[in-house]
Amino acid sequence: MCRRLAPGILALGVTMAMAGWSATAADGPPVIVALALDTSGSVGEPDLARTRELALGILGSLPPGSEVAVLTFDDQSRVVQPRTSQPDEVRKALSQARIAGRYTALYDALYDASRYLHDLPAARKAIVLVTDGKDENSSLNLEDGLRVAEENGIPVFAVGVGHVEERILRRIAKLTGGDYLLATEAQGPALAGRILERPLPSTAPSAVPLSSPPTSASVPASTPPPARATPAEPRHSAVLLWAALVGGLVVAALLAWLALGRPRPAPRCSRCSRVLGTPFSECPFCAAEDRLSGSPEESPLLESSLSETVVAQLSSTEEYLEKTITLQEKPILLVTAGASLGQVFNLSLESVTSIGRSKANDIILEDVAISSQHCRIRPENGLFVVHDLRSTNGTFLNERRITRAQLNSGDIVKVGETSLQFRMDQKRGFGPS
């Protein structure tokens, strides 16, 4: 019975509010209001009906020429009615709002509403955010929308419905210069009055044109006339010019002497960077490494063709030659997309490596779409396994969202807007022969 009467009561309230639009509107400059309504499953139909009445009460109390845009959000945020000054269009958009979706993209809606108002030319703007304050599955963080609203002087008036997360809504309102109140206590005209009480954004004073002559008031009456140059001034300038010229010649001569007298650097091996005493065509140390590594066909070391000097150098490195070059696998993450493109991070072979935006992580990524503690990579039985830490935007392996997955060389791990390729590089080392 109550459900059948609800549409009739709502229609009556809509008609009364629309009839009083012009009669009760306050004086002052027009306002553009973005009305963001939570239509997720966490907000019930009775709360949504109360929200419609509240919105119409706000509109009837705004100055003439004011405009309203209506946004709804559940799984995603959307503009269901672009800004308009026509009451019938706003009423139609509000009457068509329905409960839908599985999630609540609150942070996305706050960002979208702020960006929508940011691009509009108006002296006064405001956001009325009607929600329970719970966010689920947003692609952005709370700070993203708050930053846009703060930088553009857009106050957010948070109206709590249902089981409210007061801490979140109070923070949004306080940081943007708005107010927080419960829907059961909110009244449309009173909320419109709070919006109009907010001071207009300050405007910078118009700059004086560069070609404008200074007025008499800007020049002190006691300013003395400029002093005439004395005959000594040209002579002083000439002395400084000659001093600068001589100093420049001395510096140039010093640089030329350093360039010509600088000794040539000793030749070094292109592979191991060791200093070579004589201009060998091949580094004897690298040749010895190739011989000990078991691949003489790739870099043969023909002792019979070496000079006595080379043989003497090889004999002096007996301890070095008794060791065998070993190749060890080194796990790394290479950033292939994102703000840290090209950066390489080493993974630990014994302990967990944490990834996120917080400075407490082993790998810190500057990406607003990444959670503070996003994921971890753990060595398990000789393998590496990535674990998602219930991050907001999820962890993806080769474009597939995962909670836990084994890594293979060449796999792409995507967190936020950053992609990292898992590799097992070869690291050279020494072992007993």
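# A chat about one chain

Mentor: Let's begin with Ile32, which counts as buried because its relative accessibility is 6%, and buried means under 20%. Keep in mind that we are looking at a predicted model.

Trainee: Okay! Where is Ile32 found?

Mentor: Ile32 is in strand β1, which covers residues 32-38. The C-alpha atom of Ile32 is separated by 6.6 Å from that of Arg124, although the two are 92 residues apart along the chain.

Trainee: What about the chain overall, how many helices and strands are there?

Mentor: The chain has 11 helices and 17 strands. It holds 433 residues, and 39% of them count as buried. Among contacts with a separation of 6 or more, 61% are between residues 24 or more positions apart.

Trainee: Back to the strands. What is the order of the open sheet of 6 strands?

Mentor: The order is β3-β2-β1-β4-β5-β6, and the pairing is mixed.

Trainee: And which strands stand at the edges?

Mentor: Those are β3 (77-84) and β6 (180-182). Each has a single partner strand, so one side of each lacks a neighbour in the sheet. On average, neighbouring strands here are turned by 15° against each other, ignoring direction.

Trainee: How many bridges join β2 to β3?

Mentor: There are 5, and the two strands run antiparallel, with β2 spanning residues 67-73. As one example, Leu71 stands opposite Val79 in β3. On this sheet you also find α6, which touches β4 (125-131), β5 and β6. The direction of α6 makes about 160° with that of β5.

Trainee: Let's switch to helices, then. At what angle do α5 and α6 pack?

Mentor: Helix α5 (residues 142-151) and helix α6 (residues 166-176) pack at about 25°, and their axes are 9 Å apart. That angle is why α5 counts as roughly parallel to α6. Their crossing is right-handed.

Trainee: Which residues make the contact?

Mentor: From α5 you have Leu142, Glu143, Leu146, Ala149 and Glu150, and from α6 you have Arg171, Ile172, Leu175 and Thr176. By type, they divide into 5 nonpolar, 1 polar and 3 charged.

Trainee: Which residues in α5 are buried?

Mentor: Those are Leu142, Asp144, Gly145, Leu146, Val148 and Ala149. The elements covering them include α4 (106-118), β5 (156-160) and α6.

Trainee: And what about Gly153, is its phi positive or negative?

Mentor: Gly153 follows α5, and its phi is positive, near 60°.

Trainee: New topic: how many residues of β12 are buried?

Mentor: In strand β12 (residues 383-388), 5 of the 6 residues are buried, which leaves the strand mostly covered.

Trainee: How many bridges does β12 make with β11?

Mentor: Strand β11 (residues 375-380) pairs with β12 over 6 bridges, in the antiparallel sense. In that pairing, Pro379 has Phe384 of β12 as its bridge partner. The two strands form a hairpin with 2 residues between them, and Asn381 in the turn has a positive phi of about 55°.

Trainee: How many bridges join β12 to β15?

Mentor: There are 4 bridges between β12 and β15 (residues 404-407), and these strands run antiparallel. If you want a pair to look for on screen, Val386 stands opposite Ala405 in β15.

Methods:
Residues numbered from 1 in each chain as written. Predicted model: local features only at pLDDT ≥ 70, side-chain atom pairs only at ≥ 80, totals over all residues. Heavy atoms only, no water. Buried < 20%, exposed > 50% of the residue type's maximum accessible area, 1.4 Å probe, protein only. Pairing = 2+ DSSP bridges. Axes fitted to C-alpha atoms, helices over the stretch in contact; angles between N-to-C directions. Parallel < 35°, antiparallel > 145°, perpendicular 65-115°, else oblique. Left-handed = near helix turned anticlockwise from the far one by under 90°. Contact = heavy atoms within 4.5 Å. Nonpolar A, V, L, I, M, F, W, Y, C, P; charged D, E, K, R; others polar.
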